[in-house]
Each structure stands twice: as C-alpha cells, then as structure tokens.
Amino acid sequence: MTIRVLIADDQMMVREGFSVLLNAMPDIEVVGEAVNGREAVRRVRELAPDVVLMDIRMPELNGIEATREIVAADAAAKVLVLTTFDLDEYVYQALRAGASGFLLKDASARQLADGVRVVASGEALLAPSVTKRLITEFSRLAEPVRLAPTAQTAYGELTERETEVLVLIAQGLSNAEIAERLVVAESTIKTHVSRILVKLGLRDRTQAAVFAYEARLVTPG
C-alpha cells in the first residue's frame, strides 16, 4: 500500500525538498501541500492523507492548533511534527494536541521516509528514546495535570497487565521489547496495546505515552 502524505510548511524550499525525497520512495506519495495551518486542515479534509508532515510555526493557524483541529475532526491522518531542534516546548504541546511524533527538519532522506512509515503504521513511537526524552523534559516543566473524570474512569478500566504495558510504552519500548520483558508473545502485546488505546480513547502509542506521564504512572527523570 502507498502511504499518502500531505506536507504543511510555510517554507517553499522545505516543501519542495521533502516532496522530492518522499516521492522517490516506492511506497510513499506526496498528495498535496499546505502553506499554513488553516490550509492544512482544509487539505486534510479534501485529500484524506495517511500522514501530515506539520511544521509548528506557520501563519494564520500554527501547527499545534491545526493538529488539534485535525484530531478533533476524527481525521484518519497521523500528524508528524516538523521542528528545527528536538527540545522544543512547542513539540510537547503538539504531542498533547494529538500529534503522533516529531521529526527534525535536517533528517536524512532515510530518516524522513522511515518516520513517515512508522507513524503511518501506528505500531511504534517515532524515535522512542528521543521522544521519551522530550516528553520527560516537558513533563518536568508542566503544571501537575488533573485527569478529566472521563479519563479517570477510562484509566480505572485498565487491567493490571494493561497498566504495566502502558508504563513500558511510556518508557519507549517497542512491542517486541515489551514482549521480551514480560515473557509473552509479541502478538499478545499488540492485543494489549489495542485494548489500551480503545479504553483510553487514544489514537496511538505516542498519545498513550503522554497519557502515562500526565497520569503520573511514569515519573520524569
């Protein structure tokens, strides 16, 4: 299957450069571009891409708000945030808004393509160790979060094993690594992850990791 990508960035050189790199991949197709967040939201509705490469700092509507609107509209597209440096406070805000991961703008062609594939699959965090470091850093700076009643109820529905898996997801482990840690089949972990996402009403593993930090299941550090 071909992964359909929308590139949202106000810099033409970035859009064109990423388009060339991604269109060179046999399994990826750039189906559209957007020059600001408002246009990105509209283009997602029109084109139904699988992945949106979303710059954070854009005119009219920034990438954080655009991500929030895309997620609120229940769009199937996964948002991959673009940033110039990895410890960007706005990236953490974008993850909380519903982004599935982030990618540095100076990523290589292989890193770019692999990032798109990972986010499209929803199977693993994008660059788990780096994403974990970013979430950890800004969880430390964030105000204590009180979970909404619906989130508290959903968390209470998790089994002991599902809670254990959720903590390991937040620590950046892949399905295979979690399976090895818990001495079970990888397919069993995939089932647990699916159930966790459904019970918590989350889109993917990145959102599960953010939830775990904000619920203080995992302490920063």
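**Group meeting: a sheet and a helix pair**

Let's start with the sheet. Five strands make up an open sheet, in the order E2-E1-E3-E4-E5, and their pairing is parallel. Keep in mind that this is a predicted model.

As background, the strands of a sheet pair through backbone hydrogen bonds, and the pairing can be parallel or antiparallel.

Which strands stand at the edges here? They are E2, residues 28–34, and E5, residues 101–104. Each has a single partner strand, so one side of each has no neighbour in the sheet. On average, neighbouring strands are turned by 25° against each other, ignoring direction.

Now one pair in detail. Strand E1 covers residues 3–8 and pairs with E2 in the parallel sense, over 6 bridges. If you want to find one of those positions, look at leucine 6: its bridge partner in E2 is glycine 32.

Next, the helices. H2 runs over residues 37–47 and H3 over residues 63–72. Their axes come within 8 Å and cross at roughly 20°. Angles under 35 degrees count as roughly parallel, so H2 is roughly parallel to H3. The crossing is right-handed.

Which residues make the contact? From H2 they are Gly37, Arg38, Val41 and Val44. From H3 they are Ala66, Glu69 and Ile70. Sorted by class, the contact of H2 with H3 has 4 nonpolar, 1 polar and 2 charged residues.

To recap: an open sheet with parallel pairing, with E2 and E5 at its edges, and two helices, H2 and H3, that are roughly parallel with a right-handed crossing. That is the end of my part.

Technical notes:
Residues numbered from 1 in each chain as written. Predicted model: local features only at pLDDT ≥ 70, side-chain atom pairs only at ≥ 80, totals over all residues. Heavy atoms only, no water. Axes fitted to C-alpha atoms, helices over the stretch in contact; angles between N-to-C directions. Helix = DSSP H or I, 4+ residues; strand = E, 2+ residues; numbered from the N terminus. Parallel < 35°, antiparallel > 145°, perpendicular 65-115°, else oblique. Left-handed = near helix turned anticlockwise from the far one by under 90°. Contact = heavy atoms within 4.5 Å. Nonpolar A, V, L, I, M, F, W, Y, C, P; charged D, E, K, R; others polar. Pairing = 2+ DSSP bridges.
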